[in-house]
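The following explanation concerns how the chains of an assembly meet one another.

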Number of protein chains: 4
Amino acid sequence: MEDVQNRLDQRGIEIQRVGVKGVHLPFLIATRDGGYQQILGKITAAVNLPEQYKGTHLSRFMEVLVAWGDKPISGRELKLMLAELKTKLKASAAELSLDFRYFMPVTAPVSGLSSPLDFSCQFWGRLTDSGYDFRLTVHVPVVSLCPCSKAISRYGAHNQRAVIRASVRCRPGTYLWIEDLILLLREQGSSCVYPVLKREDEKYVTEEAYDHPKFVEDILRDSVLALRREPKVSWFRLEVESFESIHNHSAFAYHEEETASL
Amino acid sequence: MEDVQNRLDQRGIEIQRVGVKGVHLPFLIATRDGGYQQILGKITAAVNLPEQYKGTHLSRFMEVLVAWGDKPISGRELKLMLAELKTKLKASAAELSLDFRYFMPVTAPVSGLSSPLDFSCQFWGRLTDSGYDFRLTVHVPVVSLCPCSKAISRYGAHNQRAVIRASVRCRPGTYLWIEDLILLLREQGSSCVYPVLKREDEKYVTEEAYDHPKFVEDILRDSVLALRREPKVSWFRLEVESFESIHNHSAFAYHEEETASL
Amino acid sequence: MEDVQNRLDQRGIEIQRVGVKGVHLPFLIATRDGGYQQILGKITAAVNLPEQYKGTHLSRFMEVLVAWGDKPISGRELKLMLAELKTKLKASAAELSLDFRYFMPVTAPVSGLSSPLDFSCQFWGRLTDSGYDFRLTVHVPVVSLCPCSKAISRYGAHNQRAVIRASVRCRPGTYLWIEDLILLLREQGSSCVYPVLKREDEKYVTEEAYDHPKFVEDILRDSVLALRREPKVSWFRLEVESFESIHNHSAFAYHEEETASL
Amino acid sequence: MEDVQNRLDQRGIEIQRVGVKGVHLPFLIATRDGGYQQILGKITAAVNLPEQYKGTHLSRFMEVLVAWGDKPISGRELKLMLAELKTKLKASAAELSLDFRYFMPVTAPVSGLSSPLDFSCQFWGRLTDSGYDFRLTVHVPVVSLCPCSKAISRYGAHNQRAVIRASVRCRPGTYLWIEDLILLLREQGSSCVYPVLKREDEKYVTEEAYDHPKFVEDILRDSVLALRREPKVSWFRLEVESFESIHNHSAFAYHEEETASL
């Protein structure tokens, strides 16, 4: 049976990325405490395609991805997956993003009740002959309470759910766990959010938010400071989006930087 | 060329709905003041298919839909579209839903600045040999401020954007305009939302919300009362969803009823 | 601390459903072979609220849901969850929907390679003092190949991915597993879909689809016949949507029926 | 009333982008023939915020955006909008993206019937003290028919809808209209897609696709060649995604390049 993908291509164009997209598969994510958490992954995976080949072999992507379903994955294992894709597809570059919802227990501030909160996350990696690039992304929901609204009103202040979306790269030889990044950012809003809050907790959270009014600009700047203080982080990108309660649209702030070596 | 759709089918199954889905087309929506507003429509349209036919003729749906792009549509014109679908497809029932975002100017409470606010809407109609059924749906964004949070906290109260999703049917011979339904519901939250608010407006909205704390249950009940008071409405379905600022999930309430004739 | 939710309400409106929406939590789904599969759930849960109470206690919903995270769930356990919600919320009706992506291994037709295919599913249940109602929904991706296109063209035929969305209720004392329902419907398209296909499989699937041209109407009718033949099913609702390759919109067909007792 | 946004900030962080997101408003898009088309816009707009200011004034964004609702917009007018945002917000950089669905009539290949096809588009612009950067993005739906499937099968070939997503920058002093970019790319699939096709058209499209089998790699490379041939284009980014009919996931290819001056 002819291998049509292997036909010689005459157009002289090396394609930067060819692969699969919208693949849903279960994976295990390595946790900071040495265990793992099973997640539902949504994957994009690609390799480069030299100019002489007409096509790539997409079934090999799926074979590699499926085989990785039962091994806990961190940034290190992602590199091995990419190496495998490079080899199996005879490519000089491989790239993969894995989106998933990750759960971490959070503790209600007064009652002490613990419940699992969900965080949208992404592992992104790229492996070429010249090196490996890895980025971790987490989305951390928080409360934002408007300082302007508080300052000008006789009582009350509009507040709403906001989300801190952070992507980070780490310095060589270091690794920031999802849990670490969440803990760094979770405190940067006007208050934290929780799945379960009893009445005494709700009182606490309400007053906490009122005591810490923050614009999206404030949440962003405080997050910038927190990430600059973390010695493992060499680069970050931050977006804070606040789903304004008094509008039908969002406010947002964005910042990206290479952090100076300490 | 053979008409494969017209082949005789032996399975003995009359299909209740066959048609097109996910069709995007521009339409004109008739406005209360006698004019129209151009909108981007997303359409599902279907007819029934008698058991003897293998298939329906989907291109005729598109021809009917495209031809209606330049005539202002209200519940009455939707009936004409359905009649045309019934005729062109030789069917005894036709059904259509048209989803769109509709704009209505709203006035900031203190500065008096006017700006267009967007409302997700739907026209839904079904025409059979025994009659015509029409439903209007609007989604009205509001602020909800938690009465419990206000009552138990020394200061502040968590609040957030909420949405009132209302579907209504009208009594024979009456018609409720989109604008009417929006105005009925817009006041049922703790406060209204606006695209443009200057500082004096923000103060007003903040205090207004704090002065009118409402659970989703309260917003729902007040909306029920408002719809019961509207003599044109013979049936309604209401859902209020509040995007809780202190959680990563929503609270909601739902109610549906035939309203008694007055 | 005041229980604001328990305040007396004067509006005289019993609310049909109050609860939480958009809750993400991991759950275990009981599998046909006696084991379980961990999934990522998206939940809506509600109870009715008698007219004398101002509000419901949303934190109890979350406590019940979180506690069910480690017990395998089928239609039977869903009933227990609903009974718990009814008790904890002092309600006479409770309702819950759980949406999730479920994986089932499928075998490539020639190479015999096995790989996990994802199916969007839903458990829906409602428990009142007069009984329990349970519905299972699965979305089964298939290939649809157009009979008209095949008949009128000298060669080729347009084809595309389609999805069969089926909801079923079972007769008292019987239970249809997700796996059963998937297997019933998976064969009703022009061909099955697979995560991994080697070249010999792709040849098979291509010819299989060309040998079995089916309109959405055909896939729907064949699915109706399959569900009528399944003695456990007492009611079903079917929608087939075909993401037409030659258009920028879909074709669809829909049918719902109570099946006669055998 | 205090201007809280104007408070002095001590954190020493200039924020790269602060603004509004998820704003829905109607706009007019300038057409190639000198007229305009009304569209439903989804906007993100931002400016930079110097380190000394605590916050930006979000209501001014909305005032600028609303005021632009009745003037036909092309890349040139987007620059004026950005200049206005810069001035009103006292910023040194402003950025805006406007997403919309645009309609262009297409003609069925045999019957000659004309009908409006929808294309997702984006205008993106950034204006700083050192210059103006503008990108146009269009999503063009096409048919892709698999060359491998055709070559190895006795008859038929799997095919499906695919989308070419192209972003382009133009050389100084030139402007590529949406219509131009669509026409350049529309021919790069195995066949075009159409809203309305009569039987004779469907035969044509089916055979056309079978006569022009193309992998996503082929569609991408042919699109690369087409964009390189267009002298106005100085940079482009291309992604082709094919919603594989035989899988439950997509194949895709991606390429980005600065094109050499001619």
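The paragraphs below treat two interfaces and then a single residue.

This is a predicted model, in which local features need pLDDT of at least 70 and side-chain atom pairs count only at pLDDT 80 or more, whereas totals for chains, interfaces and linings use all residues. Residues are numbered from 1 along each chain as its sequence is written, chains are lettered from A and ligands numbered from 1 in the order in which they are written, and side-chain values use heavy atoms, with hydrogens and water left out.

Chain D can be superposed on chain A with an RMSD of 0.0 Å by a turn of 180° and a shift of 0.0 Å along the axis (least squares on the C-alpha atoms of residues with pLDDT of at least 70 in both). The two copies are thus related as by a two-fold rotation axis. The same surface serves both copies, since 100% of the contact residues of chain D recur in chain A (contact: heavy atoms within 4.5 Å).

Each of these chains, D and A, brings 55 residues to the contact. The area buried between them is about 4300 Å², of which carbon and sulfur atoms give 58% (accessible area, 1.4 Å probe, that two parts lose on being put together, summed over both). In chain D, the residues that lose the most area to chain A are D:K21, D:R221 and D:F252, together 19% of what that side buries. The rule finds 11 salt bridges across this interface (a side-chain nitrogen of Lys or Arg within 4 Å of a carboxyl oxygen of Asp or Glu).

Chains A and C form another interface, to which each gives 26 residues. Between them they bury about 2400 Å², 65% of it on carbon and sulfur atoms. The count of salt bridges here is four. A:E63 and C:K198 meet in a salt bridge through their side chains, at 3.1 Å from N to O.

Finally, D:H249 lies in the loop between β8 (233–242) and β9 (250–258) of chain D (strands are DSSP runs of E, at least two residues, numbered from the N terminus). The residue D:H249 is buried, with a relative accessible area of 6% (buried: under 20%, 1.4 Å probe, protein chains only).

How values were computed:
Helix = DSSP H or I, 4+ residues; strand = E, 2+ residues; numbered from the N terminus. Buried < 20%, exposed > 50% of the residue type's maximum accessible area, 1.4 Å probe, protein only.
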